[in-house]
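Visitor: Please take a close look at one residue of this chain and describe its surroundings. I would then like to see how other parts of the chain are held against one another.

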Amino acid sequence: MLVLIDESGDPAFKIAKGSTSHFVIALVAFDDFKRRAVLVLIDESGDPAFKIAKGSTSHFVIALVAFDDFKEAERAAAAIADLRTRLHVKPEFKFAKSADPVRDAFFDEVCSFHFTARALVVDKAKVYSEHLRADADQFYNYFLQLLLKHDGGLLRGANVKLDGSGSKEFRQALNTYLRAQLREGQIGKFKFADSAGDDLIQLADMVAGAILRSYRGDDRKNAWRWRTALARAGRLGDVWDFL
């Protein structure tokens, strides 16, 4: 919601000397319904493990891509499928497995479509909870619900799709956990999708990967390359650093 406030008149009481007899303060509120998402895709980059010295990532990113128009989402999905064919990418776009030219082509293609990306970035050195450090599923669940809970109303009633690579038990537990943590009606339908068969989950993966790459200190040349492409196109919203 956007709120604008201004006043007219003055607060002085010297009416005989020119002060206004009345003072008005006005508020105009715009409820930005058009920006509410109808479809949200979620994926992550990095891992929830804490063995940094043995190859675990220093950061974990969970990102969402939100569309406010189903037809625009369909057009974006079709463009991604067409690009995958033209670039001979099989079976799907994965940021971590893509060469730089493929990443460049991907973001050049998708940034022409209207969507908003948001992300939560976790510096694992700042996670002190032994419970979260010891349980990868609880780590993932906790940060996912943080991303969804602090949505500013963007997701109200939206259909949410999440990469469904986990076990059936994990998916059921996550669904129950999110329903308990989120406000009633905060999201609409919630479902899991196989990223290999869902072009827009692949978009979420590429966005999450681009943001994670910006936190890598060993790749200064390309660290911000694809995150900047999203930002310049106006596709990148809030990127929240967990502190």
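**One residue and its setting**

Guide: Gln181 belongs to helix 5, which spans residues 168–181; helices (H or I, at least four residues) and strands (E, at least two) are DSSP runs, numbered from the N terminus. The model is predicted, with residues numbered from 1 along each chain as its sequence is written; local features need pLDDT of at least 70 and side-chain atom pairs pLDDT 80 or more, while totals for chains, interfaces and linings use all residues. Side-chain values use heavy atoms, leaving out hydrogens and water.

Gln181 has a relative accessible area of 32% and is therefore partly exposed; buried means under 20%, exposed over 50%, and partly exposed in between (1.4 Å probe, protein chains only). Leaving aside residues up to four places away in sequence, Gln181 touches Gln145 and Lys149, where contact means heavy atoms within 4.5 Å. Lys149 is 32 residues from Gln181 along the chain, and their C-alpha atoms are 7.9 Å apart.

Rings of Phe, Tyr and Trp (its six-membered ring) pair if their centres lie within 6.5 Å; planes under 30 degrees apart are stacked, over 60 edge-to-face, and the rest tilted. The count of aromatic pairs is eleven. One of them joins Phe50 and Phe139 edge-to-face, at 5.7 Å centre to centre with 85 degrees between the planes. Phe50 counts as buried because its relative accessibility is 17%, and Phe139 is buried at 0%. Phe143 and Phe242 form an edge-to-face pair because their ring planes meet at 80 degrees, with the centres 5.0 Å apart. Here too distant parts are linked: Phe143 is in helix 4 and Phe242 in strand 8 (residues 236–242), 99 residues apart. Both Phe143 and Phe242 are buried. Ring pairs connect Phe50, Phe60, Phe139, Tyr140, Tyr142, Phe143 and Phe242 as a cluster.

Phe50 also has a charge over its ring: the charged end of Lys124 is 5.8 Å from the ring centre. This arrangement requires NZ of Lys or CZ of Arg within 6 Å of the ring centre and within 35 degrees of the ring normal. The charged end of Arg103 likewise sits over the ring of Trp226, 5.2 Å from its centre.

Arg103 and Trp226 are also among the residues in contact between helix 2 and helix 7, together with Asp100, Asp104 and Phe107 of helix 2 and Arg225, Ala229 and Leu230 of helix 7. The axes of helix 2 (residues 100–110) and helix 7 (residues 225–232) come within 10 Å and cross at roughly 10 degrees, and the two are therefore roughly parallel. Axes are lines fitted to C-alpha atoms, for helices over the stretch in contact, with angles from 0 to 180 degrees between N-to-C directions; under 35 degrees is roughly parallel, over 145 roughly antiparallel, 65 to 115 roughly perpendicular and the rest oblique.

The axes of helix 1 (residues 70–86) and helix 6 (residues 199–213) come within 8 Å and cross at roughly 80 degrees, which means that these helices are roughly perpendicular. Residues making this contact include Ala73, Ala77 and Arg84 of helix 1 and Asp199 and Leu203 of helix 6.

For the chain as a whole, the secondary structure comprises seven helices and eight strands, and 42% of the 243 residues are buried.
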